[in-house]
Amino acid sequence: MKTFEEYQALATKVPLSLRNNRERIQLPVLGLQEEAGKIGSLVAKAFESGSSGLAQEQSRELKDRLSDMLWYVALLCGEAGIGMQEIAKHSIERLEARSRGLDPDRR
């Protein structure tokens, strides 16, 4: 896999016939919320231990959670008719605009 388009094509091969229209939106939205909560709990546990970073096992779990989130994003993009490559490009544009606002030499 080389592009977000290739990923999205693979990730959205969920049998849509098994879900109704409402579930096709709810599944990724609720999934993103659930995974974000799990990541929050994971990070909170890491910091409670006094560590400033994640242990190896926690890093693996974070990788799992983030990969699940990427799948949910692919599903939501598919339902909205938006390509993930388009989202990545838009994100870069937003990051560049933010960084210009933070850099006094580029304002």
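Accessible areas in this talk come from the Shrake-Rupley method with a 1.4 Å probe, and for residues only the protein chains shown count as cover. On that basis, the protein chain exposes about 7,900 Å², of which carbon and sulfur atoms supply 56%.

Before I continue, a word on the model. This is a predicted model, in which local features need pLDDT of at least 70 and side-chain atom pairs count only at pLDDT 80 or more, while totals for chains, interfaces and linings use all residues. Residues are numbered from 1 along each chain as its sequence is written, and side-chain values use heavy atoms, with hydrogens and water left out.

Let me begin with the overall layout. The protein chain has four helices and zero strands, and from the N terminus on its elements run α-α-α-α. Helices (H or I, at least four residues) and strands (E, at least two) are DSSP runs, numbered from the N terminus. Of the 107 residues in the protein chain, 18% are buried. Here buried means under 20% relative accessible area, exposed means over 50%, and partly exposed lies in between (1.4 Å probe, protein chains only). Contact means heavy atoms within 4.5 Å. Among contacts between residues at least 6 apart in sequence, 71% join residues at least 24 apart.

I turn now to helix H1, residues 4–11. Its buried residues are Tyr7, Gln8 and Ala11. They cover an arc of only 100° around the axis, which puts them on the same side of H1; the arc is that of the directions from the helix axis to the C-beta atoms. Their cover includes H3 and helix H4 (84–102). At the start of H1, a side-chain oxygen of Thr3 comes to within 3.3 Å of the backbone nitrogen of Glu5.

My next topic is charged side chains. How many salt bridges does a search of the whole structure find? The search finds five, where a salt bridge is a side-chain nitrogen of Lys or Arg within 4 Å of a carboxyl oxygen of Asp or Glu.

One of them joins the side chains of Arg24 and Glu79, at 3.2 Å from N to O. Arg24 lies in helix H2 and Glu79 in helix H3 (residues 56–80), so the pair ties together parts that are 55 residues apart in sequence. Arg24 is partly exposed, with a relative accessible area of 22%, and Glu79 is also partly exposed, at 26%.

Lys38 and Glu34 meet in a salt bridge of 3.2 Å, N to O; both are in helix H2, four residues apart, or about one turn of the helix. Lys38 is partly exposed at 32% relative accessibility, as is Glu34 at 45%. In helix H3, Asp68 and Arg65 are three residues apart, again about one turn, and their side chains form a salt bridge of 3.0 Å, N to O. An α-helix has 3.6 residues a turn, so residues three or four places apart point the same way.

Is Glu35 buried or exposed? Glu35 counts as buried because its relative accessibility is 3%. Leaving aside neighbours within four places in sequence, Glu35 is in contact with Arg65, Asp68, Met69 and Tyr72. Glu35, Arg65 and Asp68 are linked in a network of salt bridges.

Technical notes: A polar contact is a pair of N or O atoms within 3.5 Å; within protein, one must be able to donate a hydrogen and the other to accept it, and residues adjacent in sequence count only if both atoms are side-chain atoms.
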